[in-house]
Amino acid sequence: MAGMTMLSDQGLRMDGRRPTELRKLSCRLGVFTQADGSAYIEQGNTKVLATVYGPHEVTGAKSKALHDRVLVNCQYSMATFSTGERKRRPRGDRKSIEMTLHMQQTFEAAILTQLYPKSQIDIFVEVLQSDGGNYCASINAATLALIDAGIPMKDIVCACSASFMKETAVVDINHLEETHAGTEIVMAILPKTEQIVFLQINGRLHEDHVPKVIDMGMKGCRDVHTVLTQTVQSHIADAMATMGE
Amino acid sequence: MAEVLLSQAEKIFIVHGVEDNVRIDGRSCLEYRSFEIETGTVSNASGSARVRMANTDILVGVKAELGVPALRKPDEGKLEFFVDCSANANPKFEGRGGEELANDIASMLSQAYGDKNTLDMRKLCIADGQHCWILYIDVLLLEVGGNLYDAVSLAVKSALYDTKIPNLTLTTNEEGQVEIDLSDDPFDYSEIDVENCPILVTCCKIGKSHVIDPSVEEEVCSLCRLVVSVTRTGHITSTRKVGAGSLLPESIAEMVSTSREIGISLNEALLNKLKGRI
């Protein structure tokens, strides 16, 4: 029965969105002054804060430094009050470690790493409120923070999730849909070249449907890209205005 | 990086300024900066508040969960403080780097709230020795820029003010066990009386004078600080000396009384703000 209510006969989802509709996406750049780059993103009820420090000298063990490219150091943590049930630890649990690793992979593919050999870039992400699509919101926030820090990238990385319910592909699923739909694909793309830098499919999905859902995810990513670009442009316009040309 | 490095000349400039009762941002020694408070920011929590004071940014979430009372205090609920130093604030906090500071703040808070008169813990008890509310007060440091203790305590008090605890109906079954029914109505809740909750006031010793609400630069110049927790009525629930320097008993007494006065007016101002009287 759960599947019946997920998508109404009129083609509306539980929160009233159409299958191709994203949640309200609002973001801000440069929220903190101390960090080199920072960004805050709200994707529906999911709220994520990202900061970037660097490029700087490698901290801790010097043996971690890479001779030909920059070391991308990520940390994903969730506030203990961010989820419905209280989390006991903000980081260090299996899921956070996995998320950290995924983020690292994604950004190693996007940042022009060869420009800063023997250095380090820190990307810290903090989920303040979680309502599904944590990974996507984290990636989008981190991208904006990297842009704010002025770190050269191949493209603005955009991430989006998608699912499949009642023979329909739906985009940007929330927590309720995440737990009920069964399948979830999470992807991050470089929109200009339409290359996928991260792809994960959780749950069961028939082979025939995979392309449909991936296409929906791609569409979501492109929509996210539009919003992110607008934010960056208006942020830069504001910065220019305060500088007086 | 987030730490502040000051040269000798800069330090002398600050110290001389403080002697003449003028600080680098134009305040006098006992003047508090204005700060922003926002309550109800996290919808997943029972109560939440965000405080931004200059460059310090604190987010507090309170979650009320059902639990079992402690054996020694069967008629009281519990308060659990947890502080998380986010790496966003300082890259040094990455991994377990912020744990020391986090534990320090958490213990300071639980000491300040340890006094019986601050919060009526018996109101958090549901059934004697069987069920009680546990309030998890989770503090998240998003940005650290001076006067951390004060900002945290202001945020905690505001978040507790915002906390909504659902009302319960109790029934006793044949075996004498208490069963709990949670109301379906989200507007059926009770609030916490925060009138007597303490606020931490940091008093910073710079040269011969002392300074309230120090900025990061002033904290670097100071020999040591005294953190005093003050309630609305002027009761002091705990004090702690922070920093490497040493203090004479006379100056401690002086600092405590200054902090007390500031604390009383700060409590008053915060309560007025929270209740929407300003």
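Let me start with A:S96: at 1% relative accessibility, this residue counts as buried. Buried means under 20% relative accessible area, exposed means over 50%, and partly exposed is in between, using a 1.4 Å probe and protein chains only. A:S96 is found in helix α2 of chain A. Leaving aside neighbours within four places in sequence, A:S96 is in contact with A:Y76, A:P90 and A:R91. Contact here means heavy atoms within 4.5 Å.

A word on the ground rules. This is a predicted model, where local features need pLDDT of at least 70 and side-chain atom pairs count only at pLDDT 80 or more, while totals for chains, interfaces and linings use all residues. Residues are numbered from 1 along each chain as its sequence is written, chains are lettered from A and ligands numbered from 1 in the order in which they are written, and side-chain values use heavy atoms, with hydrogens and water left out. Helices (H or I, at least four residues) and strands (E, at least two) are DSSP runs, numbered from the N terminus.

Now stay with α2 of chain A, residues 94-110. What does its axis do with α3(A)? The two axes come within 11 Å and cross at roughly 45°. That makes α2(A) oblique to α3(A). For the cut-offs: under 35 degrees is roughly parallel, over 145 roughly antiparallel, 65 to 115 roughly perpendicular, and the rest oblique. Axes are lines fitted to C-alpha atoms, for helices over the stretch in contact, and angles run from 0 to 180 degrees between N-to-C directions. The crossing of α2(A) and α3(A) is right-handed. On the α2(A) side, the contact includes A:M99 and A:F107. On the α3(A) side, A:Y135 and A:L146 are among the residues. By class, this contact has seven nonpolar, four polar and no charged residues.

Next, α3 of chain A itself, residues 134-149. At 1.5 Å a residue, its 16 residues should span 22 Å, and its end C-alpha atoms are 22 Å apart, which agrees. The expected span is 1.5 Å times one less than the number of residues. Is α3(A) mostly covered or mostly open? Mostly covered: 13 of its 16 residues are buried. Just after the helix, A:G150 takes a positive phi of about 75°.

α3(A) has another partner. It packs with helix α5 of chain A, residues 210-243, at about 30°, with the axes 11 Å apart. That makes α3(A) roughly parallel to α5(A). A:L144 of α3(A) and A:L228 of α5(A) are among the contact residues. They divide into five nonpolar, two polar and one charged.

Over to chain B. Helix α3 (residues 148-162) and helix α5 (residues 249-274) have axes that come within 11 Å and cross at roughly 35°. This crossing is right-handed. B:Y161 of α3(B) and B:L270 of α5(B) are among the residues in contact.

Most residues other than glycine have a negative phi, and most peptide bonds are trans. Which bond is cis? The peptide bond from A:G54 to A:P55 is cis, with omega near 0°. A:P55 is found in strand β3 of chain A. A:K118 has a positive phi, near 60°, and is not a glycine. At 56% relative accessibility, A:K118 counts as exposed. B:N21 also is not a glycine, with a positive phi of about 65°. B:N21 is partly exposed, at 41% relative accessible area.

Key:
Nonpolar A, V, L, I, M, F, W, Y, C, P; charged D, E, K, R; others polar. Left-handed = near helix turned anticlockwise from the far one by under 90°.
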